[in-house]
Amino acid sequence: MMKIFNVFCCVMFVLFAALQWNDPDPYIWIPIYLFGAVLCGLAATRRYYRGWYLFGILVFLAYATFLFFEKDGVLSWATEHQAQNIAGTMKASTPWIEDTREFFGLFILIIALLVNFVHSSQKKAKKMRKKMMKIG
């Protein structure tokens, strides 16, 4: 099940990165999405890097928080712009749509990294329990 999840996420993040070529700030978003793609690709082959998951979660959470409270951010989109459709066109016509899309992209990344972090932590704990049972 985790392999399917990670292959799906890896492909999705590569596609997200490819869609950033026409974005106003591709130099930020292409590496962000490729970071997620690489970690999910590695997890699909059962190579987990808990420290990198935690790093990504913390950095992306900080950036998502910034986008949420920014002047034309998610909060502005929800309260001042009546949660205007963010998927109407490919090109974001307003800053609050751009920031809201970026926020939800980070949210998806955070979820994928969190799932892998929890899964790898559970695997590590299981190994430790087996090791302790052998000793005791």
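The paragraphs below lead through the fold, the helices and the aromatic pairs of this predicted model.

Because the model is predicted, local features are reported only at pLDDT of at least 70 and side-chain atom pairs only at pLDDT 80 or more, while totals for chains, interfaces and linings use all residues. Residues are numbered from 1 along each chain as its sequence is written, and side-chain values rest on heavy atoms, with hydrogens and water left out.

The secondary structure of the chain comes to five helices and zero strands, where helices (H or I, at least four residues) and strands (E, at least two) are DSSP runs numbered from the N terminus; read from that end, the elements run α-α-α-α-α. Of the 136 residues in the chain, 36% are buried, a term that stands for under 20% relative accessible area, with exposed meaning over 50% and partly exposed the range in between (1.4 Å probe, protein chains only). The accessible surface of the chain comes to about 8800 Å², and 72% of this area belongs to carbon and sulfur atoms; such areas come from the Shrake-Rupley method with a 1.4 Å probe, and for residues only the protein chains shown count as cover. Among contacts (heavy atoms within 4.5 Å) between residues at least 6 apart in sequence, 65% join residues at least 24 apart.

The UniProt record, an unreviewed entry, places the feature "transmembrane region" at residues 27-45, 52-69 and 103-121; its positions are given in the numbering used here, feature names are shortened, and annotations may be inferred rather than shown by experiment. In the model, residues 27-45 are 95% helix and 0% strand, with their end C-alpha atoms 28 Å apart, and residues 52-69 are 100% helix and 0% strand, with their end C-alpha atoms 26 Å apart.

Helix H2 has 19 residues and reaches 26 Å from its first C-alpha to its last, close to the 27 Å expected at 1.5 Å a residue, the expected span being 1.5 Å times one less than the number of residues. Its buried residues include Trp29, Ile30, Tyr33, Gly36 and Cys40, and the helix is followed by Arg46, whose phi is positive, near 65 degrees.

Helix H3 (residues 50-69) has 20 residues and reaches 29 Å between its first and last C-alpha, close to the expected 28 Å. Tyr53, Gly56, Ile57, Phe60, Ala64 and Leu67 are buried in H3; seen down the axis of H3, its buried residues fall within an arc of 100 degrees, so they line one face of the helix, the arc being that of the directions from the helix axis to the C-beta atoms. On the other side of H3, Gly51, Leu58 and Phe69 are exposed.

How many aromatic pairs does a search of the whole structure find? The search finds 13, where rings of Phe, Tyr and Trp (its six-membered ring) pair if their centres lie within 6.5 Å, and planes under 30 degrees apart count as stacked, over 60 as edge-to-face and the rest as tilted. Phe16 and Tyr33 form an edge-to-face pair, 5.3 Å centre to centre with 75 degrees between the planes, and this pair links distant parts of the chain, with Phe16 in helix H1 (residues 2-18) and Tyr33 in helix H2 (residues 26-44), 17 residues apart. Phe16 is partly exposed at a relative accessible area of 23%, whereas Tyr33 is buried at 5%. The rings of Phe68 and Phe69 have their centres 4.9 Å apart and their planes at 75 degrees, so this pair is edge-to-face; Phe68 is partly exposed at 26% relative accessible area, and Phe69 counts as exposed at 57%. Finally, Phe13, Phe16, Trp29, Tyr33, Tyr63 and Phe66 form one aromatic cluster.
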